[in-house]
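Please keep the sequence and the structure in view while reading.

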Amino acid sequence: MFLYLTTIGRRTGLPREIEIWFTERDGRFYVIAEHRQRANWVRNICADQKVDVRVGDRRFAARARVVEEDRELELAQSVKALSDAKYGWSDGLIVEIMPED
């Protein structure tokens, strides 16, 4: 199963959807940007934290933010461990998605 993340294009103002692997922890979702700050969807989130999410049959509005690994080491380590266990991969920039419902 994938998470479908829709951001608003920082230049165009148009919705942009990506399909991405995810993990869950404490009611929040986490995705990892392999290309870190170079990923356009990460740049879009930095410009506007409001996102829409679809996971399976569930759709919801959310806020997304980049996890600051140096300040949130325990969270970053936990998310990377979850991703390693689920996908065998965790190298990249962590983005936290907090459902608004």
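Two strands are said to pair if DSSP finds at least two bridges between them, and the strands themselves (E, at least two residues), like the helices (H or I, at least four residues), are DSSP runs numbered from the N terminus. By this criterion, 5 bridges join strand 4 to strand 7, which run antiparallel, and Ala 33 has Leu 93 in strand 7 as its bridge partner. The model is a predicted one, in which local features need pLDDT of at least 70 and side-chain atom pairs count only at pLDDT 80 or more, while totals for chains, interfaces and linings use all residues. Residues are numbered from 1 along each chain as its sequence is written, and side-chain values use heavy atoms, with hydrogens and water left out.

The 7 strands form an open sheet in the order 2-1-5-6-7-4-3, with antiparallel pairing. Strand 2 (15-20) and strand 3 are its edge strands, each pairing on one side only, and from one strand to the next the twist averages 35 degrees; axes here are lines fitted to C-alpha atoms, for helices over the stretch in contact, and angles run from 0 to 180 degrees between N-to-C directions. Strands of a sheet pair through backbone hydrogen bonds, either parallel or antiparallel. The table lists several of the antiparallel pairs.

| Strand pair | Bridges joining them |
|---|---|
| Strand 1 and strand 2 | 6 bridges |
| Strand 1 and strand 5 | 4 bridges |
| Strand 3 and strand 4 | 3 bridges |

Within these pairs, Leu 5 has Ile 18 in strand 2 as its bridge partner, and Leu 3 has Val 55 in strand 5. The hairpin of strand 1 and strand 2 has 6 residues between the strands, and Gly 13 in this hairpin takes a positive phi near 75 degrees. The hairpin of strand 3 and strand 4 has 2 residues between the strands, with Asp 26 in the turn at a positive phi of about 50 degrees.

Strand 1 is largely enclosed by the rest of the structure, because 5 of its 6 residues are buried, and strand 4 is mostly covered, with 5 of its 6 residues buried. Thr 23, in strand 3 (residues 23-25), counts as buried at 5% relative accessibility and stands opposite Tyr 30 in strand 4. Contact meaning heavy atoms within 4.5 Å, Thr 23 touches, beyond residues up to four places away in sequence, a set including Phe 29, Tyr 30, Val 79, Ser 83 and Tyr 87.

A nonpolar core is a set of buried Ala, Val, Leu, Ile, Met, Phe, Trp, Tyr and Cys residues joined through side-chain atoms within 4.5 Å. The largest such core has 21 residues, of which Leu 3, Trp 41, Val 53 and Ile 97 touch the most other members; strand 6 supplies the largest share of this core, 4 residues. A second, separate core of 7 residues includes Tyr 30, Ile 32, Val 79 and Ile 94.

**Helix 2**

Helix 2 (residues 73-87) lies across strand 3, strand 4, strand 6 and strand 7, running at about 135 degrees to strand 3. Its buried residues are Leu 75, Ala 76, Val 79, Lys 80 and Ser 83, and, seen down the helix axis, they fall within an arc of 125 degrees, so they line one face of helix 2; the arc is that of the directions from the helix axis to the C-beta atoms. On the other side of helix 2, Leu 73, Glu 74 and Ala 85 are exposed. Helix 2 is followed by Gly 88, whose phi is positive, near 75 degrees.

Note on methods:
Buried < 20%, exposed > 50% of the residue type's maximum accessible area, 1.4 Å probe, protein only.
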